[in-house]
Amino acid sequence: MSFYAVYAADIQDAARALSRRVMRRKSGAVWFGLLFAGTVWLALRLGEISLTIGLPPSLQITPGTLLFLAFFGMLAKGAVDAYHRAIRPESLVFLLAQPMRRESVALGKFLTILWTNLAFLAGALALAVVFVAAGMDVPLPWELGAGLVLAVVAGLASGFAMAVFGSLSSWRRKAAGLAAYSPVIGVAYVALIAANPTLGDAFLAVAALVPLSIAGLLGSSRFLLEAWNNQSAGRRRLGEPRPYVRLPDPQLQALVDLELKTMVRKRQVLLSLATTVIVGVALLGTYAVVGPPVGLPGPFADLFYPIIVAAGVYVVVATQLMVPGMAALGKELDRLWILKSHPVSGRTVYGGKAAAILFLAPPLFVAVALPLPLLAGFRWEVVAFLLAASAAVTFGLVSLGLYVGARNPNLDPNTQGLPDSIAMYNVFLAALFVGFVLFALPAGVYRFDRVLGILAAVLLAAALAFGVFLTSRGGARRYERLEV
Amino acid sequence: MFRAAHLTKRYGDVIAVDAVDLDVRPGEIFGLLGSNGAGKTTMMKVFMTLLRPDGGGAFVDGRDVTRDSLAVRALLGYVPEHPALYEKLTGAEFLSLLAALRGIPRERAKPLIADAANRFRLDRELELEMDAYSRGMTQKMALAAATFHRPRGLVLDEPTNGLDPRFTKILKEYLRGFAADGGTVLLSTHITDIAEAICDRVAIVHDGRVVALGTVDEVQEGAGATNLEDAFIALVGGP
């Protein structure tokens, strides 16, 4: 039962940290509760509308699709959680050095990740039941609820295993590990989507996935030590240090270079590019599968693909640009003494952080905002509008991320400087609202006059670029006040 | 060089530094001795501008640490008690970054970095990402980072942490040379042998207050002890 001891200590630590954060910002917890309830309501309402007006015939969303999306989403979440909680922490040495099996360490850590994510799902399901009981016309069969629970378990376990395999010591070993695990994901796709199962069959399929995923998790635990060791295995880099970028201000250049080199070497840039490309391919795939939006009422047909592109832009900007902004200060953790003990102003430090994040933005336009409009043969005005609006959303959400990261820097090594999950959730929802407004405002002008609409989007982007400048100044003030 | 005037620092209800007066002269190696939690690190962090005083003042070379923090940092080199480094940078990249932050041009930085690496026997580690550094290598890199730019003062919090006897000796010799050239060293330690070996003067810190100050001989004499360890125990309480 040593896995339980690992779990008990870990969950107690997590619960105390959460309780401290809630007590510190009670209003944030209340706001979180309201937003959470609002999100569940919105999801149900969207389901209700879809059931009423229907979707394009080629866009089939079955119970299997929903369960696969839950499985896949949790796989990504599980990989991130496992990396931060079970692979990256130096404190894991205290567990790895104990006379117990690696499986116990992995299982104990996994149970903590599972518990926290299941708590979210339980809350969402309870709220859904309340809303349906209050009169929302959305079917909520028990197989779907139970299937979602099982999809969360299978997805998180698969994510854990993939995080371990993805952290092995060489590209060949990583590829071999991930390839060995890929059949599990293949089985999930075939059983839940390709076979087009009924709800009952989808439930059985996801139930069968659980033991398979847990076995994968336990199998991966044999490599946990290698994955953990690999995180502290530095490479030798021969030759003169060369900066990635050249900027007129040497201090700013050094700071941007520090940020970029760290992100590249921690493979955050690779992961960011991969995510961006996956979202871009998903948009193209949607067009390939659904085709022209025939069958939708007039205005919906015109807006269908621009909304899809806007959603893709939101996902990429929020996860790949806003999140690093939120961790800008917190990720310094116990290294903050380095910058704070050198004669460099907070403005330069925060300017460097903001600039480094904006260096990651161009792939968004190349991979997400442009391909679908070009493939679908949008008019040039629409393409120009989408690009300008995407730039506005980019600057707006980067500003939001930098603001949150400076206001509430989290120096907790367990989260690698990211805000806690409650704050993250609040920010993502706020970002959804901000992103919607930043697309909708110029879109409203565009419907009135195309050129004015494009101009409005360009002006908004310029104003929000200035917003990045202002938030980085605000962040600088916060940085200057921070005691180390 | 380092002056504290009624310096006070609180963490909530806890008074970490309690109205301390201190004057460290240029060219001096000054040791702060104290038990864990005595207030040594807090005092050093105030001089490094990492913490703001709640009362009184702290000055480095006449500059107020609160009002003139960038100028103060430009004068000093600092090694914290647990130096965490940028693990994905190589040692050479790290020192180049610090040189750029200090406004040292690349051409001037290169010989300074090579000199510091040579001094702390880090030549082979310069090309290695700092992830792979041992505890001792990390400490040596932190010492190289604090000294490569030839600062006027050094603030060293437990500088011999993780160093083997050979490098402890190298460090002691370097500090003596640094002080002989006019540099000032403010260091903290709880190893009385080190204080006896290199410090011109020491202050014994207990519960945020300086309970004894002077040369090693003066402190021993004041406490009625024959060595610094016994003097320390006599002043802060028995084992």
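Is A:Asn230 buried or exposed, and at what relative accessibility? Some notes for a first look follow.

1. A:Asn230 counts as buried because its relative accessibility is 15%, where buried means under 20% relative accessible area, exposed over 50% and partly exposed in between (1.4 Å probe, protein chains only). The residue is found in helix α9 (residues 224–230) of chain A. Leaving aside neighbours within four places in sequence, A:Asn230 is in contact (heavy atoms within 4.5 Å) with A:Ser167, A:Leu168, A:Ser169 and A:Lys174.

2. A word on the ground rules. This is a predicted model, in which local features need pLDDT of at least 70 and side-chain atom pairs count only at pLDDT 80 or more, while totals for chains, interfaces and linings use all residues. Residues are numbered from 1 along each chain as its sequence is written, chains are lettered from A in the order in which they are written, and side-chain values use heavy atoms, with hydrogens and water left out.

3. The partners are A:Glu226 and A:Arg173, with their closest N and O atoms 2.7 Å apart. A:Glu226 lies in α9 and A:Arg173 in helix α7 (residues 171–194) of chain A, so the pair ties together parts that are 53 residues apart in sequence.

4. Next, have a look at helix α10 (residues 250–265) of chain A. Helices are DSSP runs of H or I, at least four residues, and strands are runs of E, at least two, numbered from the N terminus. Of the 16 residues of α10(A), 13 are buried. Just after the helix, A:Arg267 takes a positive phi of about 65°.

5. Chains A and B meet through 40 residues from chain A and 37 residues from chain B. Six salt bridges are counted between the two chains. In one of them, B:Lys9 pairs with A:Glu483, the closest N and O atoms being 2.9 Å apart. On the side of chain A that touches chain B, α10, α13 (336–340) and α19 (450–481) each supply at least two residues. Among these, α10(A) gives the most, with eight residues.

6. Another pair to find is B:Glu87 with A:Arg335, a salt bridge at 2.8 Å between the closest N and O atoms. B:Glu87 counts as buried at 13% relative accessibility, and A:Arg335 is buried too, at 10%. Salt bridges that share partners join A:Arg88, A:Lys266, A:Arg335 and B:Glu87 into one network.

Notes
Salt bridge = Lys/Arg side-chain N within 4 Å of Asp/Glu carboxyl O.
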